[in-house]
Amino acid sequence: MDKRRSLFVAYALGIMAAAYAAAFFWRLTQVGGADLLYSFALRWELMGALVGFAAWAPALLLVAAALGAETAEGPPDFHATAYAVLLPGFFFAAALSILFLVVQPYAEARVAFYERASVEFGERLGAARERYAEGDYRAAELYARDARAIDRDHPELERVYGLIQEALSRQADAEAERASRARPDDPPAPDWLVANRFYLEAQAAMRDGRYFDAHYLARRSLAVYGGRREVVRLIDESWAAMRSLEPTAEQRADADYYKRKLEAYDYFARDDALEALRRFSALAAERPGDKDAADFLALSARALERRGFFLEESELAFGSGGGRPLALGLGGGELRAEAAAESGSGVYLRDVSLDFGGRSYRAEHARLNGDVLQLLAVSRRDPALAWRARAADGGASPSYVELGGAEAAARRYLELSAPPRELPLLTLLGGMDDARELGIDGAGLYADLARRLSYPFACVILILMGAGLGLRFRPKSRPGAASLALWTPVMAALVRPVFDLAIESARTPLELLSRALPGGTFIGAWIAFLGAAVACSLFIAERIARHAPRP
Amino acid sequence: MKRVAALLGKAIGLYVAASLALALFVGLRAYLDAWPMSLAMATLLAGYTLPLAAWTPTALVLYYAMNRLMPNRPLGYLLLLACGVVLGAWPLALARFGVLRLDTAAAAALWDSGRSLSVWYLGLAELPPIQAALAVSGVLWLLASGWGLTRLVGSRPLVGAFIAPGAVFGFWRLAELYAGGALSPAFSFVGLNLAPAMQAAALCWLTGLGFVGLDFLVAAKPGAEAGRG
């Protein structure tokens, strides 16, 4: 291999390995303050070091190319040197492009995930502890399970989870004991004994004024073991007492409950899902064991979701983030939201304004579900709480509006209005014209696409400039290892402000091209601009190397 | 003499090229940001209101040319200062005589410290001539003092090639700090009651002297080897 080529490759690999090690060490000093889970610490350091390394990689490449040319022996022929370093240079350009395009975004996302997951783990564990202390073991178990999904082996979590499991087990035992007490497993008693027990219970009920129970128990006693006159007498007496009685409070409550159930059902049958939901929700809370109430509560909720949605789902979609603003022009109407967030069940909106069909509406909450904008939000916890749209003209406002293709457009809008760094390259390439159509300011998309396309070109430029500088400023004697070790990081650090200025200056031609050209043409024009920049840098590097010292 | 003339010619050529590039850049920014002035006016303004920004890359390239052509350090610094004062202060002089009207609009296209230092520079036209002259020459002296840094490590000229551009950015930051009065309390502390421009001038001159001293004490001699960086 050409000596110059091998020197460049050796310097580039050596400097980059040292830089990664330094970045890892730097992260190591930061890990204490990052408040991370122990199980994430090493991966956080490795990924964080990768992010740090990526920030320095261009400067390191320039310095490596310069050092390779500086220490090369032989005549200072720029063309021969440039040719020698360009072939491995293309390899580094490809490797660094992959680093910037694929590895760096992944590493950034992982670092953010480790930090966020560590915070969430702490919150879940704290909530599990709190619920456990309050005696709400089921809720505590749910929080602990959430935390276990993040880190199964955390010792403190294992301890808390064990305590919760023990408590749940104790609770289950107590319930089983209560149930077994209700259903004794003793061997079946003889009929006369059973009948006598019913008779005694019937007598007790009669004494307590519970005539229905007395009548029922006495009849059971007679059915099990017939022929006892005192039992027949008790049946007659309790029947007479029952006939002379007003309905009991319990009977009145039952009748009232049944009446309310019928009313609720009536609302359900009349398709007033919200009112039905409110009533069945109250009934189900009153008598959790009533299967009718539970079934119709679920059916009412399902019916409601055709017109509105539950606020809790919106809260879930927004999570801890605030969503992103949305502005859509749809079929002669305009929909705006201060914040929008996606989930599997639709696109949830907050602080919504809608101009449609010549009328304007405002709503605190809304959901785009297919072709429908739902403007009715209901709290699942307390269905009495509902949020409806308000018409600007004070008139009635609908609970939903048909907006063709609204959900798909909103999803695309949110996808393209995400921070451009988070978008895959293919989305960027295909999304430029969509962004324009959706009225998204495409400057950020163009800038990020341009940034990503620039990586290989920038690497080639840096290698050429480095080779030129290295040749021009060759020393009389080959620098020692100490000098290289001391000055290389200084050189890399000093060149970064120049990079920042170059990046800042490149924004102007980028902005000019992005405004003047549509998506597809812009990409071609930008690549042509980058090609011209490579040609210019070749010319400048050759000019720099022209005054190289001769041996 | 021939070398000095060559360097002067190079300085003027580079300065004109840098001014044109800067004017083109500002013109584009004016178009893109829809400035409330015509494109031609923005370009023209940039051509004469940003001499410090045009002189800085000129000086940077001159450092290396002087390393080859100017073995005499005092003369080299004098030449850098003289060129800097002529090319960097001419708009102030013309504005003083009422020939030019200075406007800070073009400075808006520059980056942070570039913008604030350029605005400060244009504000010097309002000050008494002595103050303005000392202040602007102080900044230009500071920029000239970077020459020695290109030869700071005699055995490794490449290190100087990396130090000098970074140092020039540092000089702009320093000058911005000095012009912004960040060290005014130090003057009060030692009992000196100077105008802000004079404070900036004094600090720039002193810092420049420090770097020039570093050159004489540590750096390699310029032009020691023909053709060497």
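**Close-up views of a predicted two-chain model**

Figure 1. In β4(A), A:Arg350 is the bridge partner of A:Ala339. The model is predicted. A second pair links A:Glu342 with A:Val347 in β4(A). Nine bridges join β3(A) to β4(A), which covers residues 346-356. The two strands run antiparallel. How many residues lie between β3(A) and β4(A) in their hairpin? There are two residues between them.

**Figure 2. Strand β2 of chain A meets β3(A).** β2(A) spans residues 324-330, and β3(A) spans residues 333-343. Six bridges join them, and the strands run antiparallel. One bridge can be picked out by its residues: A:Gly329 has A:Glu334 in β3(A) as its partner. The hairpin of β2(A) and β3(A) has two residues between the strands. Look for A:Gly331 in this hairpin, where phi is positive and near 45°.

**Figure 3. Strand β4 of chain A also pairs with β5(A).** β5(A) covers residues 359-369. Its pairing with β4(A) is antiparallel and takes in nine bridges. A:Leu349 stands opposite A:Ala366 in β5(A). β4(A) and β5(A) form a hairpin, again with two residues between the strands. Which residue in the turn has a positive phi? A:Gly357 does, with a value of about 60°.

**Figure 4. A three-strand open sheet in chain A.** The strand order is β1-β7-β8, and the pairing is mixed. β1 (308-310) and β8 (386-387) of chain A stand at the edges. Each has a single partner strand, so one side of each is left without a neighbour in the sheet. Three bridges join β1(A) to β7(A), residues 376-378. These two strands run parallel. Within this pairing, A:Gly308 has A:Leu376 in β7(A) as its bridge partner.

**Figure 5. Helices α7 and α8 of chain A pack together.** α7(A) covers residues 211-224, and α8(A) covers residues 229-243. Their axes come within 8 Å and cross at roughly 155°. That makes α7(A) roughly antiparallel to α8(A). The crossing of α7(A) and α8(A) is left-handed. On the α7(A) side, the residues in contact include A:Tyr211, A:Phe212, A:His215 and A:Arg219. On the α8(A) side, they include A:Val231, A:Ile235, A:Trp239 and A:Met242. By class, this contact has 12 nonpolar, three polar and one charged residues.

**Figure 6. Helices α1 and α2 of chain B cross.** α1(B) spans residues 2-32, and α2(B) spans residues 39-49. The axes come within 8 Å and cross at roughly 145°. α1(B) passes α2(B) in a right-handed crossing. α1(B) brings residues including B:Ser19, B:Leu22, B:Val26 and B:Tyr31 to the contact. They meet B:Leu39, B:Ala42, B:Thr43, B:Ala46 and B:Gly47 in α2(B). What classes make up the residues of this contact? Eight are nonpolar, four are polar and no residue is charged.

**Figure 7. Helix α16 of chain A packs on α1(B).** This view crosses from one chain to the other. α16(A) covers residues 481-516. The two helices pack at an angle of about 45°, with their axes 10 Å apart. That makes α16(A) oblique to α1(B). α16(A) passes α1(B) in a left-handed crossing. From α16(A), the residues are A:Thr508, A:Glu511 and A:Leu512. They meet B:Phe25, B:Leu28, B:Arg29 and B:Leu32 in α1(B). The contact divides into four nonpolar, one polar and two charged residues.

**Figure 8. The contact between chains A and B.** In this contact, 22 residues of chain B touch 23 residues of chain A. Which elements of chain B give two or more residues to its side? They are α1 and α7 (157-179) of chain B. α7(B) gives the most, with nine residues. The chain B side divides into 13 nonpolar, four polar and five charged residues.

**Figure 9. The domains of chain A.** Chain A is divided into domain 1 (3-134), domain 2 (191-243), domain 3 (249-307), domain 4 (312-420) and domain 5 (422-545). How far apart do the C-alpha centres of domain 1 and domain 3 of chain A lie? They lie 61 Å apart.

How values were computed: Residues numbered from 1 in each chain as written. Chains lettered and ligands numbered in written order. Predicted model: local features only at pLDDT ≥ 70, side-chain atom pairs only at ≥ 80, totals over all residues. Axes fitted to C-alpha atoms, helices over the stretch in contact; angles between N-to-C directions. Helix = DSSP H or I, 4+ residues; strand = E, 2+ residues; numbered from the N terminus. Left-handed = near helix turned anticlockwise from the far one by under 90°. Contact = placed C-beta atoms within 7 Å. Nonpolar A, V, L, I, M, F, W, Y, C, P; charged D, E, K, R; others polar. Domains from an automatic or database assignment. Pairing = 2+ DSSP bridges. Parallel < 35°, antiparallel > 145°, perpendicular 65-115°, else oblique.
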